[in-house]
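Open the model in your viewer and keep the selection tool at hand. The stops below go from a single residue out to the whole chain.

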Amino acid sequence: ASVFVLNSKSQILAGSGIAMIAFGGFFGLMAGFFFLHQMILISGASFFERYFGLDRLARIHHVTGLVGYGFLVAHILFIISGYSIVSGNGFVAQYFQLKDSFSYIALASISLILLDIVIITSIVIVRKRLKYELWYFVHLLVYAAVLLALFHQVTNGQNLLSSPALRAYWYLLYITAFGLVLWRRWLLPVYYEFKHRFRVKKVVKENDSVVSIYIKGKNLQNFKYEPGQFNLWQFWQSGVRGMHHPFTISSTPGDGYLRLTAKMIGDYTKKLPRLEEGALVLISGPYGIFTSKSAVKTKRLFIAGGIGITPIASMLRQKVNNDDVLIYAAQTSDDAVFLSEFEKLKSKGLKIVKIFSKEESKDSYSGYLSPSILVNEVPDVTERDVWLCGPPAMMDAAQDLLLSQAVDQSQIHTERFRL
């Protein structure tokens with residue numbers, strides 16, 4: 001901003017079209033700034049994730065993208081309108097004159113078209129719940145759009161051209177953004193392949209809709225992760241191969257294997273039982289702050305809904321305190337995966353509260369988590385940290401219930417395990 005004021009003071013004071021051109025250049029600079037920081041924040045860099053968490057980073061990513069796009073639209077409107085006022089040309093005629101007069105305007109136009117495609121198709125993909133691979137491929141266009149814009153910025157950007165320091169900062173910003181994305185999403189899995197040689201060990205169907213994939217590898221003790229975190233997994237086997245997908249780690253450090261557990265509800269997850277022993281596995285991560293390190297109290301309560309038990313399973317298998325409570329909600333007892341594992345942990349002090357929405361039994365509740373169940377089973381809930389994971393609607397309802405029982409927001413730990 002200071003560079004803009006110093007370089008554009010006379011243009012701003014000139015007013016009219018000249019001032020619009022100056023502000024248009026500044027808006028273009030801000031658009032690039034927000035898009036590059038959007039890439040840095042969502043790159044998966046552990047420094048940012050450790051302090052913000054993936055959920056918050058995803059929200060920031062969304063907001064910065066919209067703000068950056070808003071600045072980009074303002075940049076285009078102000079630049080073309082400003083030159084149009086100065087030259088007396090119409091808006092469309094002025095665009096083509098600028099394209100002929102300045103370098104790389106065509107590339108910048110392609111960049112805008114790519115961003116428009118990303119925004120429009122992302123809305124359709126999310127609303128119609130289309131394939132994850134389609135969403136991922138569309139978002140790759142953002143990298144191409146940001147990269148294409150660089151040529152226009154460093155060639156025509158008055159602020160960048162007039163300030164060597166700002167120009168050097170701009171190049172550093174680009175190198176950082178693309179370097180982090182390249183390392184965390186592409187090179188890190190290759191590094192892990194050479195270091196650990198991850199391969200499918202076996203596939204176990206936990207029930208009719210849930211499958212666990214056991215992963216073997218070299219020097220697994222050196223693959224560091226915290227119970228509750230997740231990885232991006234990519235399986236290289238004919239018929240199963242696809243973009244990397246996020247799955248929670250349901251094993252515990254020291255097990256001698258990695259285990260991911262997934263519900264077979266989508267086109268890709270339904271293919272997982274086809275995996276064969278020895279299939280190559282590429283892994284990126286770990287990600288997430290849904291771990292015991294976020295605790296602010298000494299007592300613990302875990303609330304899981306359906307497949308949301310997977311990160312909690314990893315945490316409980318690592319350590320059980322003698323006053324831990326697990327509230328496990330599922331449709332039926334058959335849907336409650338790992339229940340037999342938890343039953344064995346009762347001897348270490350784990351209390352299990354089972355709630356089945358479509359089944360009645362003498363040792364479980366029927367229906368859904370309610371204030372009466374919470375008060376009866378966990379009367380000291382305000383003195384506990386709560387780790388909550390499950391379907392979005394269940395998590396929202398459970399969080400509202402906890403807040404209504406005077407549990408402080410800082411004691412409630414959630415993560416949506418999404419990118």
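Start by selecting alanine 31, which is found in helix α2. Helices (H or I, at least four residues) and strands (E, at least two) are DSSP runs, numbered from the N terminus. The model is a predicted one, in which local features need pLDDT of at least 70, side-chain atom pairs count only at pLDDT 80 or more, and totals for chains, interfaces and linings use all residues. Residues are numbered from 1 along each chain as its sequence is written, and side-chain values use heavy atoms, with hydrogens and water left out.

Is alanine 31 buried or exposed? Alanine 31 counts as buried because its relative accessibility is 2%; buried means under 20% relative accessible area, exposed over 50%, and partly exposed in between (1.4 Å probe, protein chains only). Show its surroundings next: not counting residues up to four places away in sequence, alanine 31 touches Gly68, Phe71 and Leu72. Contact here means heavy atoms within 4.5 Å.

Now select α4, residues 54-87. This helix has 34 residues and reaches 49 Å from its first C-alpha to its last, close to the 50 Å expected at 1.5 Å a residue. The expected span is 1.5 Å times one less than the number of residues. Just after α4, click glycine 88, which takes a positive phi of about 85°.

Go on to leucine 36. Leaving aside neighbours within four places in sequence, leucine 36 is in contact with Val146, Trp170, Leu173, Tyr174 and Ala177. Leu36 is also one of the residues with the most contacts inside the largest nonpolar core, together with Phe48, Val146, Leu160, Trp170 and Tyr174. That core has 31 residues; a nonpolar core is a set of buried Ala, Val, Leu, Ile, Met, Phe, Trp, Tyr and Cys residues joined through side-chain atoms within 4.5 Å. At least two of its residues come from each of α2, α4, α6, α7 and α9, and α7 gives the most, nine. Apart from this core lies another, of 25 residues, including Val211, Phe247, Leu275 and Val281.

Next, the second largest pocket. Select His75, Ile79, Ile105, Ala108 and His152, which lie nearest its centre among 40 lining residues. A pocket is an open set of points on a 1 Å grid over the protein atoms alone, with protein on both sides within 12 Å along at least five of seven lines; a cavity is a set where a 1.4 Å probe fits but cannot get out, and lining residues have an atom within 4 Å of a point. The pocket has a volume of about 930 Å³, where volume is the space filled by probe spheres set on the points, joined across faces, edges and corners. The largest share of the lining, eleven residues, comes from α2. Its lining has 26 nonpolar, 14 polar and no charged residues.

Which residues lie nearest the centre of the largest cavity? Select Leu41, Ile42, Gly44, Leu54 and Leu57, from a lining of eleven. The volume of this cavity is about 50 Å³.

Finally, zoom out to the chain, which has 13 helices and twelve strands. Its C-alpha atoms fill a box of roughly 85 × 50 × 40 Å, taken along the principal axes. Of the 419 residues, 48% count as buried.

Definitions and conventions: Ala, Val, Leu, Ile, Met, Phe, Trp, Tyr, Cys and Pro count as nonpolar, Asp, Glu, Lys and Arg as charged, and the others, Gly among them, as polar.
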